[in-house]
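Trainee: I am new to this structure. Please show it to me, and then let me ask how the terms are applied.

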Amino acid sequence: FPPPENLSNLLRQTSINGIIALGMLMVIITAGIDLSVGAVVAIAGIVNALLLQAGYSMWVSIPLTLIVGAAIGVFNGILIHEVSITPFIATLGTLTIVRGLVMIMSGARMVANLPKEFGQIASGNVFGIPSMFIIWMVLFLITVVLLGYTQLGRNFFIIGSSREVARLSGIRLRSNIYAVYGLSSLYAALAGILLSSRLSMGVPTAGISYELDAIAAVVIGGGSLFGAAGSAIGAVLGAIIMQTIRNGGNLLGIDPFALQVIIGALILIAVGVDQLRVRRAEKG
């Protein structure tokens, strides 16, 4: 770990999953789940790359891509609230649809030859700190404020505790469900843009299993799949723990499949502890 170049690489690697984990955190707080974020990462990278290839500046392509990402999240919200499809099934269906759209739009090919200035977003440094990490920390602060100091954030916790209580309290479930899934996809779209900037191309297969990494980061960081629990700092630490295990394992030459076993065990332990905590709270 000591070499600066390895630490810099670790921060860049963690930033992508860390950003997605912050969005996933908000969904999990409402007792929901978003399996479509990995697909959103892929479509964001492709949409942005295609816009850049078409001659649009990144000041136009990036906002348009973020809007596309947020729209996918709102679509999830419509399926969940209006059609009453469970979050797991709704977002799983969206994942499949979006993955198909990515392949159609890209022709199942990489979208390369992007402007050099776009690649500098991810490769740049500010006072020796990777720009991607700075973007992640800015989103972390925004998430902290949103969850801890706004009515919207408080609504997320109330909805996660009990939707019926939230409804009786006058909380508008429709707008809050749209907001939380829209934010989750917005964060994932930004992560997709940063990933394509780092790779200097749009990759149609990008983001595979990223949703599982995001869920794992939230759970390892203290989030509860039962809702109404979790923090931004926990999601950040969970993402760092996961990526550090992967990075350290690679440096030590540990079999990557063994690392997957270790991470899976961590997830089971974290969920098991959460289950015990909930049962004790119910008995007490």
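**Contacts, burial and salt bridges**

Mentor: Start with Arg12. Leaving aside its neighbours within four places in sequence, Arg12 is in contact with Ala122, Ser123, Gly124, Asn125, Pro130, Met132 and Arg198. Contact means heavy atoms within 4.5 Å. This is a predicted model, where local features need pLDDT of at least 70, side-chain atom pairs count only at pLDDT 80 or more, and totals for chains, interfaces and linings use all residues. Residues are numbered from 1 along each chain as its sequence is written, and side-chain values use heavy atoms, with hydrogens and water left out.

Trainee: Where does Arg12 sit?

Mentor: In helix α1, residues 4-29. Helices here are DSSP runs (H or I, at least four residues), numbered from the N terminus.

Trainee: Why is Arg12 called buried?

Mentor: Its relative accessibility is 11%. Buried means under 20% relative accessible area, exposed over 50%, and partly exposed in between (1.4 Å probe, protein chains only). So Arg12 counts as buried.

Trainee: What does the side chain of Arg12 reach?

Mentor: The backbone oxygen of Ala122, at 2.9 Å.

Trainee: How many salt bridges does a search of the whole structure find?

Mentor: It finds 3. The term needs a side-chain nitrogen of Lys or Arg within 4 Å of a carboxyl oxygen of Asp or Glu.

Trainee: What makes Glu82 and Arg174 a salt bridge?

Mentor: Their closest N and O atoms are 2.5 Å apart, and the limit is 4 Å. The pair links distant parts of the chain, 92 residues apart. Glu82 is in the loop between α3 (58-81) and α4 (87-106), while Arg174 is in helix α9 (residues 173-199).

Trainee: Why does Glu82 count as partly exposed?

Mentor: Because its relative accessibility is 36%. Arg174 is partly exposed too, with a relative accessible area of 43%.

Trainee: How do you know that Arg167 and Glu164 are separated by about one helical turn?

Mentor: They are 3 residues apart in helix α8 (residues 163-168), so about one turn separates them. Arg167 has a relative accessible area of 46%, so it is partly exposed. Glu164, at 41%, also counts as partly exposed.

Trainee: What makes Asp213 and Arg246 a tie between parts of the sequence?

Mentor: They form a salt bridge, with the closest N and O atoms 3.1 Å apart. Asp213 lies in helix α10 (residues 210-220) and Arg246 in helix α11 (residues 232-251), so the pair ties together parts 33 residues apart in sequence. Both Asp213 and Arg246 are buried.

How values were computed: Helices (H or I, at least four residues) and strands (E, at least two) are DSSP runs, numbered from the N terminus. A polar contact is a pair of N or O atoms within 3.5 Å; within protein, one must be able to donate a hydrogen and the other to accept it, and residues adjacent in sequence count only if both atoms are side-chain atoms.
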